[in-house]
Amino acid sequence: MTVTVLQFGGSNCDRDAVRALEHLGIDAERRWHADGLPAETDGIVIPGGFSYGDYLRAGAMAARAPVMEEVRAAAADGTPVLGVCNGAQIGAESGLVAGAFTTNESARFQCEPVHLRVERADTPWTAAYDEGDVIEVPIAHGEGRFEIDAAASEALEADDRILFRYCDADGAVTDAANPNGSTGNVAGILGERETTAVLMPHPERATLPDVAASTDGEGILRAFA
Ligand SMILES: NC(=O)CC[C@H](N)C(=O)O
């Protein structure tokens, strides 16, 4: 099992993702986007960062890299694909998932631990948790506010594609617990297949016990085990 961690100009969480995966006993290697996907890969991480300086919109330029065509095809074939933070933005911009991520309500970059409520526990990304569990994982973004039009939002809810919502420490999904003004407090969603997911919080920053305040994120990365 080898996971490919894509690297674009301005990615900066690719090494962290590799280290967190390796800590869990999962082989992972960084791959420059222009080299395309390896002939065989057991999973793909689109990591966080500031690809192309967040110009135009965060993720908009990386989403147009030719490798994303390969990622879409792999996702359609059921290869596990996880977009984290800038990777979530690239995922939305490239059509891997519905909706968009835009400027935080605060108009500021926010770097802080948040609580997430696990909305579904029957996906590869959440099999380590129970539905309703509250986990602590950090966010670090300026453009993390999830936006979606009403019809697509209804479809997302009806199809049960919401993985995580921002909540308080007791699991209450409230405006006060919404760090960036995301529609429906949405922090993470599934794509067309349950093997595709994106989320704004950083599970790779909540995995290594030596450097992380919480290791609650490791369950998400265990999807690749
Ligand atoms: N940590 C990240 O991936 C940052 C995401 C993005 N560049 C933003 O600020 O919204």
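This is a predicted model.

**Stop 1: the sheet**

Show the strands as a cartoon. Nine of them form an open sheet with mixed pairing, in the order β2-β1-β3-β4-β11-β10-β9-β6-β7. Which strands stand at the edges? They are β2 and β7 (134-141); each has a single partner strand, so one side of each is left without a neighbour in the sheet. Neighbouring strands here are turned against each other by 25 degrees on average, direction ignored.

In general, strands of a sheet pair through backbone hydrogen bonds, in either a parallel or an antiparallel sense. For a specific pair, select β1 and β3: their pairing is parallel and runs over three bridges. Thr4 has Ile44 of β3 as its bridge partner.

**Stop 2: helix α1**

Select residues 14-23 and colour by burial: the buried residues are Asp14, Asp16, Ala17, Val18, Ala20 and Leu21. An α-helix has 3.6 residues a turn, so residues three or four places apart point the same way. The cover over the buried residues of α1 includes β1 (2-7), β2 (27-32), β3 (43-46) and α5 (218-221). Past the end of the helix, select Gly25, which follows α1 and has a positive phi near 80 degrees.

**Stop 3: the annotated positions**

Select Cys85, His202 and Glu204, which the unreviewed UniProt entry annotates as "active site". The three span 120 residues in sequence, yet no two of their C-alpha atoms are more than 10.8 Å apart, so they gather at one spot.

Centre on Cys85, in the loop between β4 (81-84) and α3 (86-93). Is Cys85 buried or exposed? It has 31 C-beta neighbours inside 10 Å and therefore counts as buried. Beyond its neighbours within four places in sequence, Cys85 is in contact with Cys13, Gly48, Ala140, His141, Met200 and His202.

Move to His202, in the loop between β11 (196-199) and α5. His202 is buried too, with 26 other C-beta atoms within 10 Å. With residues within four places in sequence left aside, its contacts are Cys13, Gly48, Val84, Cys85, Val137, Pro138 and Ala140.

**Stop 4: the ligand**

The shell holds 13 residues, and the closest are Gly48, Cys85, Asn86, His141 and Glu143. By class, the shell divides into five nonpolar, six polar and two charged residues.

**Stop 5: helix α3**

Select α3. Eight of its eight residues are buried, so the helix is largely enclosed by the rest of the structure. The residues in question are Asn86, Gly87, Ala88, Gln89, Ile90, Gly91, Ala92 and Glu93. Among the elements covering them are β3, β4, β5 and β11. Just after α3, Gly95 takes a positive phi of about 85 degrees.

**Stop 6**

Most residues other than glycine have a negative phi. Two exceptions can be inspected in turn.

Select Ala107, in the loop between β5 (100-102) and β6 (110-118). Ala107 is not a glycine, but its phi is positive, about 60 degrees. Ala107 has 7 C-beta neighbours inside 10 Å and therefore counts as exposed.

Then select Asp160, in the loop between α4 (150-158) and β9 (162-167). Its phi is positive as well, near 60 degrees. Asp160 has 13 C-beta neighbours inside 10 Å, so it counts as partly exposed.

**Stop 7: Ala65**

Finish at Ala65, in the loop between β3 and α2 (67-76). Why does Ala65 count as buried? It has 20 C-beta neighbours inside 10 Å, and 20 or more is the condition for a buried residue. Not counting residues up to four places away in sequence, Ala65 touches Phe8 and His33.

Methods
Residues numbered from 1 in each chain as written. Predicted model: local features only at pLDDT ≥ 70, side-chain atom pairs only at ≥ 80, totals over all residues. Buried ≥ 20, exposed ≤ 12 C-beta atoms within 10 Å, placed from the backbone. Helix = DSSP H or I, 4+ residues; strand = E, 2+ residues; numbered from the N terminus. Contact = placed C-beta atoms within 7 Å. Near = placed C-beta within 6 Å. Nonpolar A, V, L, I, M, F, W, Y, C, P; charged D, E, K, R; others polar. Pairing = 2+ DSSP bridges. Axes fitted to C-alpha atoms, helices over the stretch in contact; angles between N-to-C directions. UniProt positions renumbered as here; feature names shortened; annotations may be inferred.
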